[in-house]
Amino acid sequence: VIMAMRIRNSASRGTMMSRQISGLRSMSSWWKNVEPAPKDPILGVTEAFLADPSPDKVNVGVGAYRDDNGKPVVLECVREAERRIAGTSFMEYLPMGGSVKMVDETLKLAYGDNSEFIKDKRIAAVQSLSGTGACRLFADFQKRFRPDSQIYIPVPTWSNHHNIWRDAQVTQKTYHYYHPETKGLDFSGLMDDVKNAPEGSFFLLHACAHNPTGVDPTEEQWREISQLFKAKNHFAFFDMAYQGFASGDPARDAKSIRIFLEDGHHIGISQSYAKNMGLYGQRVGCLSVLCEDEKQAVTVKSQLQQLARPMYSNPPLHGAQIVSTILGDPALKGLWLKEVKVMADRIIGMRTALRESLEKLGSPLSWEHVTKQIGMFCYSGMTPEQVDRLTSEYHIYMTRNGRISMAGVTTGNVGYLANAIHEVTKSS
Amino acid sequence: MKTNDFSSSSSSSPSDRRIGALLRHLTAGTDADRVSSVFASPTSGGAGGSVFAHLVQAPEDAILGVTIAYNKDPSPIKLNLGVGAYRTEEGKPLVLNVVRKAEQQLINDRSRIKEYLPIVGLVEFNKLSAKLILGADSPAIRENRVTTVECLSGTGSLRVGGEFLARHYHQVDMLSLLFFFFQKTIYIPQPTWGNHPKIFTLAGLSVKTYRYYDPSTRGLNFQGLLEDLSAAPQGSIVLLHACAHNPTGVDPTLEQWEQIRKLMRSKGLMPFFDSAYQGFASGSLDTDAKPIRMFVADGGELLVAQSYAKNMGLYGERVGALSIVCKAADVAGRVESQLKLVIRPMYSNPPIHGASIVAVILRDRNLFNEWTLELKAMADRIISMRKQLFEALRARGTPGDWTHIIKQIGMFTFTGLNPAQVSYMTKEYHIYMTSDGRISMAGLSSKTVPHLADAIHAVVTKAL
C-alpha cells in the first residue's frame with residue numbers, strides 16, 4: 001500500500017509539473033460526489049409551510065409554542081431578565097462546563113431543591129447546547145468510555161435521537177413503546193425488551209411528554225420499569241425536554257426521574273429550556289450524570305469538558321444568563337412558573353377542544369387518545385397518505401408520522417383542523 | 001404455572017406488587033420452582049458501582065488552565081498573559097460601543113422573537129459574514145458559489161468543517177479510489193493553537209504537521225513549509241492561519257502567500273483557513289483577509305472558519321461562520337445540505353443572540369464604520385504594547401535579539417522562553433502564560449510592561 005501511494009504521489013507530481021504555471025488544477029470540484037442530503041423531516045415541514053401562500057394554512061409541525069392567536073411567545077420573565085442583562089454583560093468566555101450558576105439552578109429542577117445528591121456534590125453537570133447538545137455530549141461520552149455499549153431507543157422517538165447516537169458511533173437498538181392499536185403505551189412489550197436486553201444496557205427514556213406520541217407511563221408503571229432496571233443493572237438516560245410544559249407542574253413532570261433516584265439508580269439527564277422557558281434559539285440546556293461520590297463527579301465532569309472543548313470550546317452565554325437571572329430571583333421564578341402553567345393549560349384545553357370537535361362531527365373513530373396523551377404532541381394515528389391529503393387539500397402541515405403539535409392549535413383553527421382530519425379519516 | 005403469590009391485590013403492599021410484577025417478567029416461561037430463589041431485597045440499592053467508575057480525571061486544558069491558576073494566586077502584582085481575550089489599558093475586558101448599541105436595538109425591538117434559527121443559522125448573518133471575509137465584490141459570492149453556515153465561533157466552524165471533510169472529501173483521481181478507506185489527512189502548522197489537533201481528530205480526520213515556526217529566527221520556516229506541503233499527498237487538507245498566527249504571531253508575507261497558493265493549487269491541496277483575528281491583526285479588515293481572497297481569486301475551492309470572538313469582543317456568545325467556496329452554485333447547494341446533516345445531530349441549530357448582534361452591526365453603514373474604528377484602536381494598542389516591551393528590554397540591555405516582539409503580529413508573542421523559564425516567571429514574578437512561552441499582548445498595559453520586562457530580563461540572565 002505504501003509503495004502504491006509513493007508511486008501515485010510521484011506519478012501525480014509528474015503530471016502536475018507538466019500543467020499550467022498559474023498553479024490552479026484545471027479539474028472539477030472536489031465536491032462533485034456530494035449528494036443532496038434529504039431534508040430534515042421535522043424542520044422541512046416549517047419550510048414547506050412558509051412557502052405556502054394559502055390564507056388558510058395551519059402549521060402543526062414543529063414543536064414551538066404558539067399562543068391562542070397562533071403567535072410565538074416570549075415569556076415576560078424572559079423579557080425582564082433580558083432587560084436586566086443588556087448593557088451589563090462583559091461577554092467573556094464561560095468555562096468549558098458553562099455557567100455554574102445556571103447549572104446549579106437547573107439541577108435543582110431535575111433532582112429536587114433539597115436533593116441529597118446536590119448537597120453531596122455527586123452530580124457531574126455541564127451546560128449544554130439545549131437538549132440536542134446534552135444528548136450528543138452524553139452519546140460521545142458513552143462512546144468514549146463504554147465503547148462496547150449500545151443505546152436502546154424507544155419506537156417511535158424524536159427522529160434526531162437516531163442521528164445523534166449514530167454520529168457518536170454508538171450502536172442503536174430499539175425497544176417497544178407505542179401501541180398503535182390502543183394509541184397508548186405497549187407496557188408489556190417495553191418490559192419484555194428491557195428484560196431481554198443484555199445486563200448493563202443503556203436506555204434512552206423520555207422523562208415526560210414523550211415525543212412524538214405524548215404517551216407516558218403511569219407512575220406505577222415507572223416504578224415497575226425502575227425495579228426491572230435495577231434487576232438488570234441497566235443505565236437510564238432521561239431526555240427531559242418538557243419539564244413543566246407537560247402537566248404545568250415541574251415537580252410532577254420530573255416524577256419518573258425522582259422514582260429512579262429513590263431506587264438508587266445512577267442516571268444521566270438531558271435538560272432543555274427551549275420549550276419551558278421559550279428560549280429555543282438561545283440553545284440552553286444541561287447534561288448531568290449522577291456519580292458514586294464527589295470525586296467521581298469531578299472526574300466525569302472533566303471528561304465531559306474534554307468532549308465539549310473540541311466541539312465548541314465553551315457554551316453560549318446569553319441564554320444561560322437569562323436562566324440564571326430568572327431562577328435566581330424568587331419573584332421572577334414565580335412568574336416563570338405561572339407562565340409555564342398558562343402554556344400547559346392552553347395545550348390541555350386545545351386537546352379537549354379538538355377531541356370534542358371531532359366527536360361532534362360524528363367521526364367513526366375514537367379520539368380518546370387526544371386527551372389521554374400529554375405534552376406538546378398528539379400522535380393522531382393518521383397514515384402518511386392521510387397527512388399528505390391534509391397538506392395538499394387543506395394546507396395543514398405536520399410531520400408524516402401523523403404527529404400534531406398541539407401548540408399550533410388555536411380556538412381560531414381547531415374547527416378547521418377537526419373538519420379536515422374528519423374528512424381524510426372518515427372512510428378509514 | 002405456580003408462582004409465589006405476590007400479586008393478590010388486597011393483602012400485598014405496592015412494593016410487593018411491584019416485586020411480583022418484576023418476578024413475573026423475569027421468570028415468564030421458566031420453571032416455577034426456581035422463582036423462590038430470586039431475592040428482591042426491598043432495600044436493594046445500586047447493584048455494582050457506577051458504569052463510569054473506571055474513568056480517570058482529564059488534565060486541565062492547557063490554555064484555560066492558566067487563567068484558573070492565575071485566579072488562585074493571591075499576589076497583588078500578578079499578571080495574566082494566558083488566554084487571548086482583549087484587555088484595556090486598565091486591564092479590564094472591553095465591550096465595544098457598537099455591541100452595546102446593537103444590544104439596545106435588539107432589546108427595544110419587541111417584535112423580535114427567539115424561535116429556533118434554521119439549521120444553517122441566521123441567514124442575514126451568513127451573507128454578511130461571507131461578504132466580510134471574502135469581500136463584498138467577491139466573484140465567488142456573485143456567482144452563488146459560496147455556502148455559509150453560522151457556527152459556534154471559530155471552534156465550532158472548524159469542527160463542522162472537519163466533520164464535513166471527513167465524510168465527503170474524496171480524492172478524485174483513479175488511484176486514490178483505492179485508498180478510499182483511509183482517513184483523510186489535514187496538515188496543521190507546527191506549532192498551532194492547542195485545540196486544533198483535538199478538533200480535527202474528533203471530526204474524524206488524520207492529523208499531520210508541517211513545519212512553520214523557526215525557533216532560531218523566531219520567524220517563519222518558509223523553506224520547511226514549502227518542503228512539507230510539497231511532500232503532502234495530493235488532495236490533503238491544509239490548515240492555514242489567515243493572519244496573526246496563534247501562538248507565534250508569525251505570518252507569511254504576501255509574496256510568500258502567493259508561493260504557498262501556487263504550490264497548493266498545483267498539488268491539489270485543499271485550503272482550510274482559520275480566521276480568528278480579521279481586523280485585529282493589522283487594524284484593517286481587508287488587509288487581514290488578503291491571503292484568503294488570493295486563493296478565492298484563482299477560482300479554486302476552499303474552506304474558511306470565521307470567529308467574531310476577538311474582533312467584535314463577543315467571546316462568550318460563540319459567534320462564528322463556516323464558509324465553503326465551491327466551483328459551482330449547484331455544488332454549493334448540495335454542500336450546504338450535507339453541512340446541515342453534520343449540524344443537526346450536534347446541536348440542531350446555532351445560538352441566536354450573538355449572531356443577531358453581528359448582523360445589526362454589519363448591515364448598518366454607520367455601525368460598521370464605527371466598528372472599524374474601535375477595531376483599529378484595539379489593534380493599535382496591541383502594537384503599542386509590542387513597541388513598549390521591546391523598548392523596555394532594550395533599555396535593560398537584556399541579552400538576545402527581541403525584534404521578533406515587534407515583527408510578530410496579532411494578539412500573541414512567542415517569546416522564545418522555555419518551560420523552565422516560564423515556570424520561574426510564574427513562581428517568582430506571578431506572571432502567567434502558557435508553557436510554550438506564548439504571551440497575550442492584550443493582557444499587557446503601560447503600567448505592567450516594566451514588570452514583565454524585569455521578569456524576562458531576570459530569567460534570561462539566569463541561564464535556566
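Which residue forms a salt bridge with A:Arg166? The notes below take up that point along with the interface around it.

1. This is a predicted model. The partner of A:Arg166 is A:Asp167, with the closest N and O atoms 3.0 Å apart. A:Arg166 is partly exposed, at 42% relative accessibility. A:Asp167 counts as buried, at 14%.

2. That pair belongs to a network of salt bridges. Its members are A:Arg136, A:Asp140, A:Arg166, A:Asp167, B:Arg159, B:Glu163 and B:Arg167. Both chains contribute residues to the network.

3. A:Arg136 is buried, with a relative accessible area of 1%. B:Glu163 is buried too, at 7%.

4. Now the interface as a whole. Chain A puts 107 residues into the contact and chain B 111 residues. Together the two chains bury about 9,600 Å², and 58% of that is on carbon and sulfur atoms.

5. Between chain A and chain B there are 6 salt bridges. One of the pairs joins A:Glu92 to B:Arg87, with the closest N and O atoms 2.7 Å apart. On the side of chain A that touches chain B, helix H12 (residues 294-312) gives the most, with 12 residues. By class, that side has 48 nonpolar, 30 polar and 29 charged residues.

6. Helix H3 (residues 76-85) of chain A deserves a look. Its buried residues are A:Cys77, A:Val78, A:Arg79, A:Ala81, A:Glu82 and A:Ile85. The cover over them includes helix H13 (317-327) and helix H14 (330-360) of chain A, together with helix H3 (97-108) of chain B. Just after H3 of chain A, A:Gly87 takes a positive phi of about 85 degrees.

7. Over all chains the count comes to 39 salt bridges. Among them is a pair inside chain A: the side chains of A:Glu262 and A:Arg223 meet at 3.6 Å, N to O. The pair links distant parts of the chain, 39 residues apart, with A:Glu262 in helix H11 (residues 255-262) and A:Arg223 in helix H9 (residues 219-232). A:Glu262 counts as exposed, at 53% relative accessibility. A:Arg223 is buried, with a relative accessible area of 16%.

Notes: Residues are numbered from 1 along each chain as its sequence is written. Chains are lettered from A and ligands numbered from 1 in the order in which they are written. This is a predicted model: local features need pLDDT of at least 70, side-chain atom pairs count only at pLDDT 80 or more; totals for chains, interfaces and linings use all residues. Side-chain values use heavy atoms; hydrogens and water are left out. Contact means heavy atoms within 4.5 Å. Buried area is the accessible area (1.4 Å probe) that two parts lose on being put together, summed over both. A salt bridge is a side-chain nitrogen of Lys or Arg within 4 Å of a carboxyl oxygen of Asp or Glu. Helices (H or I, at least four residues) and strands (E, at least two) are DSSP runs, numbered from the N terminus. Ala, Val, Leu, Ile, Met, Phe, Trp, Tyr, Cys and Pro count as nonpolar, Asp, Glu, Lys and Arg as charged, and the others, Gly among them, as polar. Buried means under 20% relative accessible area, exposed over 50%, partly exposed in between (1.4 Å probe, protein chains only).
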